[in-house]
Amino acid sequence: MTGIVQLQTALETKSTPSGNRSSLPVSVLLSFAVIVFAVLFSAFPSLFTSHSPELGDTSAKLVSPGLHHWFGTDYLGRDVFTRVVYGSLSSVSSALAAVIIGLVVGSGIGLLAGFLGGWVDSALGRIVDVLLAIPGFLLAVVIVSSLGFQTINAAIATGVSAIAVFGRLMRAEVIKIRGAAFVESSFLSGGNRLQALIFHVLPNAGRSVLVLAILQFGTSIMVIASLAFLGYGDPPPSSDWGLLVASGKEYPTAPWLIYAPAAVIVATVLSVNRISRWLKKVR
Amino acid sequence: MGYTVSVRLSGYRNLVLSRLGQGVLVIFLAYVLSFIVVSVLPGDAITNALHDPQSGLSEEDIARIVAFYGLDKPVLIQLLLALGRFVTGDLGISLQSGLPVTDLVFDALPSTTFLALTALILALVLAVAIAVGVHLLPSGAAGILRSVPSFFLSVPNFVIGLVLISVFGFTLHTFTITEPNAPVATFFAALTLAIPVSAPLAEVLISSLDVEARQDYALVARSRGLSRVNVFAQHLLKPSALPSVTMVALLIGELLGGAVITETIFGRNGVGTLVQRSVGAGDQPVLLAVVVLSAVVFVLVNLIADLSVPLLDPRTSVTKKKKAVVS
């Protein structure tokens, strides 16, 4: 896995933010709060709103945000906050599914490549090179157009386009740890490769893979929202966050239809990224 | 660390040749991979698209396209047929319009190239402005500026575009959305594309400036009585810029992927909208062509970056100088 891939890993290790020491943990606390709310929204939407996500009050169309309707109402008089809350489940869980796909397949590729080396490494390296050479979003669009327009397919597509980054990181970690003195000494004291993999390489690589997985969770929320925005997810009346923004843009006189769901997306992704950065630093 | 290539004069030629070989292989494999995604995955998209009554294709057209792609033959034969044409530069026929795919793509290309290049310039300007600000402003403002890249990375492309349209298009009337190719509208479309791309660039710049500023030579320059701005401009900027060459190359893909959303929102006609229309119509040969084209662009740009960094950076071309000393 030479060339592009090697350069990227070199760059990534170089570019870890060394500054930012003065940041307050308050922002991390706040980020955790946002994530907790996103999870609660997904699990128990009815606890947070008494409105229906699908039935609107036709006498209250396009009402601007206020005490009664926090995020206003849409062209059918549906409460936008309620739509956002009910859209959390598919928006958040599909991003989670995408990360799991990328994590499992990508780490598998990286582990094999880094541990076995030789021709396996170069063959898998070419596959990762190819996945890196195709713009991630374009790849996701093409895959979802082949599989069909559903949120679950958007999740699969997003996961496949994340395989390369996980593969690259895992391979770099394995090679780094494989050469460490404590792994060599485990070989000397009679350990075999499988033992070294399970007891030394995986636990040590786990941390940085976790940091990447969290970061990738934020990216996946954005990619899936973008796919939903283009209409490649579940059709209305489902209320994926990206889809809400897309239907909101038809009503320029009611800007809250765009701003409210967009703010929810940004707040969630910002929080996820903040947590990922914090984890990277406290290691 | 990493890519310190010890270059002998003939070694550099070998490097060029091996990278070229790898690049060709990656493009070839990208075609095979996207062919598999398009043809083998469940859902017979091509047949559906062909028999879509709205496509306006006649029975003869359909028969011609089926024979052309070998759609009545096994997938492996189809792949070989397609590869055979791909090697000669033929990307097939659009299922939607019956026109050659190459024509469709090359018609859309100039608009997207212009948009992407403008966005790249804007992203560079933004990234440099942020990095310079972080290093020269007083610590309070610099701290805020440091968190700007991670904020930029958390806002999806379509949100940026819609906010810009809503604020500058509908509220301030800086541009009209009905004329997407006017210079001001193009500027805002490019800005939409540039903001997410500028963030990783700014991060690389900031962290390599951090590293360089801690080096002894920076201290020496300061103690010679140079002002902070002078040290920055004369000593820190150049070595810090090199890692961003590689980063720019890696971000080219972002620009191409982001064009799908940006062009759709701003109503521009380009490769991105071509992709969007082809997805809607199940026009897989066009999608295949765009994917491969993006891979070609990515491989080429990264090849140029990989090969020029050792030439630009005196630290990585060690052996040439050694040779001179020895002889």
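Leaving aside its neighbours within four places in sequence, which residues is Arg64(B) in contact with? They are Ile93(B) and Gly98(B), where contact means heavy atoms within 4.5 Å.

This is a predicted model, in which local features need pLDDT of at least 70 and side-chain atom pairs count only at pLDDT 80 or more, while totals for chains, interfaces and linings use all residues. Residues are numbered from 1 along each chain as its sequence is written, chains are lettered from A and ligands numbered from 1 in the order in which they are written, and side-chain values use heavy atoms, with hydrogens and water left out.

## The two chains

Chain A has 11 helices and 0 strands. Helices (H or I, at least four residues) and strands (E, at least two) are DSSP runs, numbered from the N terminus. Chain B has 14 helices and 0 strands. Along its principal axes, the C-alpha trace of chain A spans about 80 × 45 × 30 Å.

The table lists values for each chain. Buried means under 20% relative accessible area, exposed means over 50%, and partly exposed lies in between (1.4 Å probe, protein chains only). Accessible areas come from the Shrake-Rupley method with a 1.4 Å probe; for residues, only the protein chains shown count as cover.

| Chain | Buried residues | Accessible surface |
|---|---|---|
| Chain A | 53% of the 283 residues | about 12,300 Å², 69% from carbon and sulfur atoms |
| Chain B | 50% of the 327 residues | about 15,300 Å², 68% from carbon and sulfur atoms |

Contacts can also be sorted by how far apart the residues lie in sequence. Among contacts in chain A between residues at least 6 apart in sequence, 71% join residues at least 24 apart. For chain B, 72% of the contacts between residues at least 6 apart join residues at least 24 apart.

## The interface

The size of an interface is often given as the accessible area lost when the parts come together. Between chain B and chain A the buried area is about 4,700 Å², and carbon and sulfur atoms give 76% of that area. Buried area is the accessible area (1.4 Å probe) that two parts lose on being put together, summed over both. In terms of residues, 57 of chain B are in contact with 49 of chain A.

The count of salt bridges between chain B and chain A is 1. A salt bridge is a side-chain nitrogen of Lys or Arg within 4 Å of a carboxyl oxygen of Asp or Glu. Here the side chains of Glu203(B) and Arg277(A) meet, with 2.4 Å from N to O.

Several elements of chain B give two or more residues to the side that touches chain A, among them helix 1 (9–39), helix 9 (183–213) and helix 13 (284–312). Helix 11 of chain B gives the largest share of this side, 11 residues. By class, the side of chain B that touches chain A has 37 nonpolar, 14 polar and 6 charged residues. In this scheme Ala, Val, Leu, Ile, Met, Phe, Trp, Tyr, Cys and Pro count as nonpolar, Asp, Glu, Lys and Arg as charged, and the others, Gly among them, as polar.

## Two helix residues of chain B

Arg64(B) lies in helix 3 (residues 59–69) of chain B. Arg64(B) counts as partly exposed because its relative accessibility is 43%. Ile93(B) is 29 residues from Arg64(B) along the chain, and their C-alpha atoms are separated by 9.9 Å.

Ala221(B) belongs to helix 10 (residues 216–223) of chain B. Its relative accessibility is 0%, so Ala221(B) counts as buried. Apart from neighbours within four places in sequence, Ala221(B) is in contact with Leu226(B), Val231(B) and His235(B).

## Backbone details in loops

Most residues other than glycine have a negative phi, and most peptide bonds are trans. Phi of His173(B) is a positive value, near 55°. His173(B) lies in the loop between helix 8 and helix 9 of chain B, and is exposed, with a relative accessible area of 62%.

In chain A, the peptide bond from Pro236(A) to Pro237(A) is cis, with omega near 10°. Pro237(A) sits in the loop between helix 9 (193–229) and helix 10 (241–248) of chain A.
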